[in-house]
Amino acid sequence: MRAQAAPTLDLVTQTSEATAAPRTPAGRRRRVHRAWFVAAVTFVTIVGAAAFRSLPGLLIDPLHQEFGWSRGTIGAAVSVNLALYGLTAPFAAALMDRFGIRRVVAVALTVVALGSGLTVWMTEPWQLMLCWGLLVGLGSGSMALAFAATVTGRWFTARRGLVSGILTAASASGQLVFLPLLSWMIETGHDWRPAAVTVAVAALAVVPFVWLLLRDHPADVGLAPYGASEFVPKPPPVTGAARRTLGVLARAARTGPFWLLAGSFAICGASTNGLIQTHFVPAAHDHGMPVTAAASLLAVIGVFDVAGTIASGWFTDRFEPRRLLAVYYALRGTSLLFLPMLLNLGPEVHPPMVFFIVFYGLDWVATVPPTLALCRDRYGDDSAIVFGWVLASHQIGAALVAWLGGVARDVFGSYDMVWYASGALCAAATLMVLVIRRRPVLTVPA
């Protein structure tokens, strides 16, 4: 052990000096830190994996027409998917600390491909629940925003808000790429199965990309995190992932900020993934809009979501996250109150609807960077797992609205009540984030 101490110390010293100095030993300026390449790999991975996030809203009408299943039944399967997407995230963050990012993400992508591929043979609702609800939910949850939080926390000490915004925007970029393609497949071929196969192939295609190019920690390549003045050794694998995850939840649950963050983020999920992503296409179709046109509008949301989320990350590095969240939720709730009126204007894509889409896109997941910043400021080294639990509440909110929205459509014949209720919930979220106390909670009593 002593024979290895000197080389290790020498490596630490050399790496610290290289990080502090802007030039390499040969005198050439190092232009790009390796952390940015890791962020790029993570971005592309999330983009490729976003195909399965684009499909649920497109499946409601085709499955209803082919099998006669109610929208509530289909919405229940989507709810299981969304709930597992969130509940898996904190455990996935702990598993990444135990087995490494590459292994967890590669296995998750394979599970997603399996679940999506098996749906082409389903004939009963329980099979939809198993394949799309259970398998795709578990796989997608392992690559949730906790993945981006882990990469950001390990590889960056500076520009964390910007990087978290970029990685969050990756999901919207994937939606932009896949949503028009998947809707075109379903509309022109009058069959949803080729779209499901496309999702499976996209997930499998990302696996070798992750395995070959992604690295778990800066120490694996002898570097300090971006913005750090000192080398940070790679921590040993943390055993007992499930015990640690539940322990972090138990400690965080004793603090007020956790419940305020979880409650407000649940409303965020209810008003985005559960509401717009799941029900906007069938709601617009109810008013005569073609499915391809409605799906294209969702893709436009993805375009502006990229800009809005990256900008939100930049703002998070400079402004108080609580106030940013309050503004985001207030604007989102206001816009939802106008949506029923916009849909009643007719099936054409008119300028007021385009304005709503642009406005909503800018605010779609702009909430993530400031929410992640608040978790990091208040829970320190456990922040990725705490954020995983907060994300779980996000998906539980999304799951409830995905199911209740379908039930409301079956009962009332329209989605109007769902839009109004979601707008009121956003007003409640605005108040919740404003009362989060400013003092950090970095030490939570055991």
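Which residues in helix 14 meet which residues in helix 17? Thr 309, Ser 312, Gly 313 and Thr 316 in helix 14 meet Pro 369, Pro 370 and Ala 373 in helix 17, where contact means heavy atoms within 4.5 Å. This is a predicted model, in which local features need pLDDT of at least 70 and side-chain atom pairs count only at pLDDT 80 or more, while totals for chains, interfaces and linings use all residues. Residues are numbered from 1 along each chain as its sequence is written, and side-chain values use heavy atoms, with hydrogens and water left out.

**The chain as a whole**

- The protein chain has 19 helices and zero strands, these elements being DSSP runs numbered from the N terminus (helices H or I, at least four residues; strands E, at least two).
- Of the 446 residues of the protein chain, 55% count as buried, a class defined as under 20% relative accessible area, with exposed meaning over 50% and partly exposed in between (1.4 Å probe, protein chains only).
- The protein chain exposes about 18,400 Å², of which carbon and sulfur atoms supply 67%; accessible areas come from the Shrake-Rupley method with a 1.4 Å probe, and for residues only the protein chains shown count as cover.
- Among contacts between residues at least 6 apart in sequence, 84% join residues that are at least 24 apart.

**Helix pairs**

- Two packed helices are described by the angle between their axes and the distance between the axes; the axes are lines fitted to C-alpha atoms, for helices over the stretch in contact, and angles run from 0 to 180 degrees between N-to-C directions.
- Helix 14 (residues 291-316) and helix 17 (residues 368-379) pack at an angle of about 35°, with their axes 8 Å apart.
- The residues of the contact of helix 14 with helix 17 divide into three nonpolar, four polar and no charged, where Ala, Val, Leu, Ile, Met, Phe, Trp, Tyr, Cys and Pro count as nonpolar, Asp, Glu, Lys and Arg as charged, and the others, Gly among them, as polar.
- Helix 5 (residues 71-99) and helix 6 (residues 101-118) pack at an angle of about 130°, with their axes 7 Å apart, and that angle makes helix 5 oblique to helix 6; angles under 35 degrees count as roughly parallel, over 145 as roughly antiparallel, 65 to 115 as roughly perpendicular and the rest as oblique.
- Ala 92, Leu 95, Met 96 and Phe 99 of helix 5 make this contact with Ile 101, Arg 103, Val 104 and Val 105 of helix 6, and by class the contact has seven nonpolar, no polar and one charged residues.
- Helix 13 (residues 273-286) and helix 18 (residues 383-412) pack at an angle of about 25°, with their axes 7 Å apart, and are therefore roughly parallel to each other.
- From helix 13, Asn 273, Gly 274, Leu 275, Thr 278, His 279 and Asp 286 meet His 394, Gln 395, Ala 398, Val 401, Ala 402, Gly 405, Gly 406 and Arg 409 in helix 18, and these residues divide into four nonpolar, eight polar and two charged.

**Buried residues within helices**

- Thr 42 is found in helix 2 (residues 34-49) and counts as buried because its relative accessibility is 0%; leaving aside neighbours within four places in sequence, Thr 42 is in contact with Phe 147, Val 151, Leu 167 and Leu 214.
- Ser 264, in helix 12 (residues 256-271), counts as buried at 2% relative accessibility, and its side chain reaches the backbone oxygen of Leu 261 at 3.1 Å.
- Leaving aside neighbours within four places in sequence, Ser 264 is in contact with Tyr 329, Ala 429, Met 432 and Val 433.
- Tyr 328 has its place in helix 15 (residues 321-343) and is buried, with a relative accessible area of 11%.
- Cys 375 lies in helix 17 and counts as buried at 0% relative accessibility; not counting residues up to four places away in sequence, Cys 375 touches Leu 261, Gly 380, Ser 383, Val 386, Phe 387 and Val 390.
- Cys 375 and Leu 261 are 114 residues apart in sequence and 8.3 Å apart in space, C-alpha to C-alpha.

**A buried loop residue**

- Ala 224 lies in the loop between helix 10 (193-213) and helix 11 (241-252), and counts as buried at 0% relative accessibility.
- Ala 224 and Phe 156 are 68 residues apart in sequence and 8.9 Å apart in space, C-alpha to C-alpha.

Technical notes. A polar contact is a pair of N or O atoms within 3.5 Å; within protein, one must be able to donate a hydrogen and the other to accept it, and residues adjacent in sequence count only if both atoms are side-chain atoms.
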